[in-house]
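Keep the structure open as you read.

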Amino acid sequence: MCGIVGVRSKRGVHLSRLITVLQGLQHRGQEASGFVGITVDGREVGFKDLGLVSDVFRRYGHDPILRVAIAHTRYSTHGETYRPENVQPFVGFIDGRMIALVHNGNLTNYTYLRQELEREGVIFRSTSDSEAILLLYAKETGEPDERLKKLSERLEGAWTVLMIDGDRIVAFRDPYGFRPLWMGREGEDVWFASEDSALRSADIEVVEEVGIGKGYVVGEGLKPFTVGKKLSLPCSFELVYFARPDSNIFGRSVYEWRLRAGEILAKVDEVEADVVVPVPDSGTIYAIGYSGVSGVPFQMGLIRSHYVGRSFIQPSQDMRRRTVRSKLFPVPFVLRGQRVVLVDDSLVRGTTMREIVRMVREAGAREVHVRIGSPPVISPCYFGIDTPTKEELAAARMSLEEIGRFIEADSVLYLPLDEYKRNMENFCVSCFTGRYPVRVPNVQP
Ligand code: SF4
């Protein structure tokens with residue numbers, strides 16, 4: 001998962017403004033970030049490095065005024081973590097003009113495409129699938145929209161992209177539409193960002209969500225284009241976990257879905273409890289929904305430090321485990337002697353939840369009942385979320401009872417899959433079903 005931002009400005013926009021929007025997408029990736037752009041006086045500028053957005057740009061230390069620019073905050077799903085050469089944007093030149101790309105998603109046929117390009121003598125400078133998109137774009141001919149239409153016949157998987165081509169910005173959401181993209185306006189400037197909340201919080205007017213298989217070339221004017229093939233598969237996990245709760249994703253309010261999922265969960269639950277406690281921040285809205293329907297009081301029995309990153313998107317299990325105890329602090333006043341319903345959005349590996357259950361018990365809870373606002377994750381994602389092997393997924397190798405024992409909870413309950421599917425028609429739900437509607441490595445559609 002990644003966050004991407006782009007702007008085409010008539011009078012020029014400070015890099016610091018671009019950074020403000022990118023910071024609004026920090027939750028989508030925390031490993032690295034970078035930008036590339038062309039200043040109002042025609043200079044090509046850029047910087048990328050490992051680290052949080054604010055750290056990376058502090059190191060850069062300049063605030064150029066940009067006519068076009070794209071930026072990226074990275075969460076690695078393809079290409080090795082912490083390899084500086086995999087940090088985006090990727091940049092090249094065609095006929096003396098700069099082309100550059102930032103990408104959110106994963107190509108499922110990357111290995112094939114890379115081998116094909118290498119046979120033709122193309123040299124890769126990274127192990128990132130995003131670089132393959134840029135190299136293939138450069139090989140095509142014609143206007144940016146024509147090139148992307150041709151690419152859509154060859155690329156499989158998830159590839160929402162923002163590009164610079166000369167002094168134009170190109171925005172495109174692939175024909176599956178796995179990953180989100182929004183367009184905004186500020187005077188005559190045209191902006192793009194992964195989530196509308198990032199635009200809104202920078203006081204940029206939100207215009208529309210870029211449609212599936214749709215794109216824009218933004219130069220002196222705005223040229224929309226569409227590719228013929230369309231297979232609607234927006235990622236339902238964006239609504240479950242990734243997107244900011246104040247965002248609207250795929251025509252839905254993220255907040256509304258999480259509230260509703262918590263309500264559904266409470267309706268199918270029969271447990272007797274004294275207090276509903278969210279795992280903050282990801283479980284908070286689910287817990288509000290659960291509490292509202294069950295009548296069990298909502299309390300913040302865990303306090304989250306806002307100075308430590310999200311555990312799920314940290315790249316190694318050991319890092320994730322160590323992060324849990326430094327970021328969540330139990331409140332004995334709320335938990336002591338209580339029968340606790342502990343609510344989170346999802347349960348992937350189970351190791352983080354086991355640590356949290358232990359902490360809640362150590363703070364004096366009498367019972368801990370874990371409630372999950374999505375169905376069991378039983379299969380890996382090949383479209384941009386880092387769940388690479390089935391072996392890592394708790395629900396793929398354990399029964400419900402075994403998961404309960406593994407995370408040391410008194411009981412576990414997930415959102416029923418049929419309820420989830422009913423609410424996610426025309427969305428990708430593959431990690432919950434194990435059935436993939438497009439070809440993915442080693443799995444038949
Ligand atoms: S497999 Fe799951 S995480 Fe991946 S795109 Fe589909 S719903 Fe999203």
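For sorting residues, Ala, Val, Leu, Ile, Met, Phe, Trp, Tyr, Cys and Pro count as nonpolar, Asp, Glu, Lys and Arg as charged, and the others, Gly among them, as polar. By that scheme, the shell around the ligand splits into nine nonpolar residues, two polar and no charged. What you're looking at is a predicted model, where local features need pLDDT of at least 70, side-chain atom pairs count only at pLDDT 80 or more, and totals for chains, interfaces and linings use all residues. Numbering runs from 1 along each chain as its sequence is written.

Now for the names. Around the ligand sit Phe178, Cys235, Ser236, Phe237, Cys381, Phe383, Ile385, Cys428, Val429, Ser430 and Cys431, where being near a molecule takes a C-beta atom, placed from the backbone, within 6 Å of it. Helix 7 (236-242) and helix 16 (430-433) are the elements that give two or more residues to this shell. Helices (H or I, at least four residues) and strands (E, at least two) are DSSP runs, numbered from the N terminus.

On to the core. A residue is buried if 20 or more other C-beta atoms lie within 10 Å of its own, exposed if 12 or fewer, and partly exposed in between, with C-beta atoms placed from the backbone. A nonpolar core is a set of buried Ala, Val, Leu, Ile, Met, Phe, Trp, Tyr and Cys residues joined through C-beta atoms within 7 Å. The largest one here has 132 residues, and Val5, Leu18, Ile70, Ala171 and Leu342 have the most contacts inside it. Helix 8 (residues 254-268) supplies the largest share, six residues. Domain 1 (3-232) and domain 2 (253-426) both contribute, so this core lies between them; the bounds come from an automatic or database domain assignment.

Next, have a look at strand 12 (residues 214-218), where five of five residues are buried. Lys214, Tyr216 and Val218 point one way, Gly215 and Val217 the other. Strand 12 runs antiparallel to strand 8 (residues 168-172), with four bridges, and pairing takes at least two bridges found by DSSP. Phe172 stands opposite Gly215 there. Five bridges link strand 12 to strand 13 (residues 222-226), also antiparallel, and a three-residue hairpin joins these two.

Finally, Gly228 is in the loop between strand 13 and helix 7. Why is Gly228 exposed? Because 9 other C-beta atoms lie within 10 Å of Gly228.
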